[in-house]
Amino acid sequence: MSMIDIKVAAVEQVTPLVKHFTFVKRDGSPFPAFSGGSHVVVSMNVGGRVHRNPYSLMGSPADTDAYHISVRKQEQSRGGSVFMHENVEVGTSLQITYPVNLFSLAKKAHKHILIAGGIGITPFMSQLIDLNRLNANFELHYAFRSPEHGAFADKLKAICSDKLHCYADSKGERLDLLALLSKQPLGTHVYVCGPNPMVVAVIETARNLGWPENHIHSEQFLSPGIGEPFKIQLAKSNIEVHVPAEMSMLEAIEAAGVEADYLCRGGVCGRCEVNVLESDGALLHHDHFLTDAEKAAGKKIMPCVSRARCDRLVLDL
């Protein structure tokens, strides 16, 4: 996959757990254009091992002089978010992919309901600029742990005015999804990004209320889970790959020198889907792409986030 060489132009501590990074291209030229909701994958060398993590672009899509991302320091990080917080500073060189949008705004929507939880606010920052530019009808509902963890709340007030609704858990404030989604006019689209319970709750509430499936949009990049080590056979490459406990299948395949396709690396897009040729055990599916029937069939797997518990797993790679 083509990469862009960048350097870090600015670092800002936004909340106790969130840092904001400004990137510029190393050669000084403008970045490629992007649309609200786009993300890039940041490649970083952590102790001799390459980590590639997806992050939403947050700046104005009209400004291609710099890219902006924010990173939450994860309590159970496999190394990527900790590296960004503790090792990346002004002047650090990194590589990123070209932007990809898997969470775009519906152009024909009559109204947009944006629901964010915690660091899930990041993809909406660029979308809000697009919505204001289009003079679109929207509301932003933003839930966070406590006021000090409400990243960009002041900036959001300036962007959204009375269209912003904040909910601080420490104050006992709760977002009533049923009340919110049951009173929306026809043609409304809902978008959610945040912790898994919030994403599931929004999707299920909208479905139960009879919202059309194509009016419900979600984004949640998953981190590859830690599990038991196992081995995989790559049929086309004719090699055996060991997958350590703390490494994803996709990372292990790449470390073995085999090029595998990807876009999000978070179990969302389906680009890294691989056919399973043989398996003598359980496939541990963690993606949001395959259907329940496909997971049960055991013929496909998303190596970016899924694992296996078996002695023999043969992939069509």
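Reader: Where does Asn-135 lie?

Author: Asn-135 lies in the loop between H2 and strand S9 (138-144). Helices (DSSP runs of H or I, at least four residues) and strands (runs of E, at least two) are numbered from the N terminus. This is a predicted model, where local features need pLDDT of at least 70 and side-chain atom pairs count only at pLDDT 80 or more, while totals for chains, interfaces and linings use all residues. Residues are numbered from 1 along each chain as its sequence is written, and side-chain values use heavy atoms, with hydrogens and water left out.

Reader: Why is Asn-135 called exposed?

Author: Its relative accessible area is 68%. Exposed means over 50%, buried means under 20%, and partly exposed is in between, using a 1.4 Å probe and protein chains only. With 68%, Asn-135 therefore counts as exposed.

Reader: What is the phi of Asn-135?

Author: Phi is near 55 degrees, a positive value in a residue other than glycine. Most residues other than glycine have a negative phi. Asn-238, in the loop between S13 and S14, also has a positive phi, near 60 degrees. Asn-238 counts as exposed too, because its relative accessibility is 67%, over the cut-off.

Reader: What makes helix H2 largely enclosed by the rest of the structure?

Author: Count its buried residues: nine of the 12 in H2 (residues 122-133) are buried, so the helix is largely enclosed. Among them are Thr-122, Pro-123, Phe-124, Met-125 and Leu-131.

Reader: Is Leu-164 buried or exposed, and how do you know?

Author: Buried, because its relative accessible area of 13% falls under the limit for that word. Leu-164 sits in strand S10 (residues 164-168). Contact means heavy atoms within 4.5 Å, and by that test Leu-164 touches Leu-140, Tyr-142, Ala-153, Leu-156 and Lys-157, not counting residues up to four places away in sequence. The C-alpha atoms of Leu-164 and Ala-153 are separated by 9.2 Å, with the two residues 11 apart along the chain.

Reader: What makes a set of residues a nonpolar core?

Author: The set must be made of buried Ala, Val, Leu, Ile, Met, Phe, Trp, Tyr and Cys residues, joined through side-chain atoms within 4.5 Å. The largest such core here has 29 residues, and those with the most contacts inside it include Phe-230, Ile-232, Met-249 and Ile-253. Elements that each supply at least two residues of this core include strand S13 (230-234), helix H6 (249-255) and strand S19 (313-315). H6 gives the largest share, four residues. A second, separate core of 25 residues includes Met-58, Ile-121, Leu-128 and Tyr-142. In soluble globular proteins, nonpolar side chains tend to be buried together.

Reader: What does Ile-253 touch?

Author: Not counting residues up to four places away in sequence, its partners are Ile-232, Leu-234, Val-241, Val-258, Ala-260, Pro-303, Leu-315 and Leu-317.

Reader: How is the chain divided into domains?

Author: There are domain 1 (3-101), domain 2 (111-219) and domain 3 (230-315); these bounds come from an automatic or database domain assignment. The C-alpha centres of domain 1 and domain 3 lie 26 Å apart. Their contact takes nine residues from domain 1 and nine residues from domain 3.

Reader: What makes something a pocket rather than a cavity?

Author: On a 1 Å grid over the protein atoms alone, a cavity is a set of points where a 1.4 Å probe fits but cannot get out, while a pocket is an open set with protein on both sides within 12 Å along at least five of seven lines. Lining residues have an atom within 4 Å of a point. The second largest pocket is lined by 18 residues, with Ile-203, Arg-207, Ile-216, Ser-218 and His-288 nearest its centre. Helix H5 gives the most to this lining, with six residues. Domain 2 and domain 3 each provide at least three residues of the lining.
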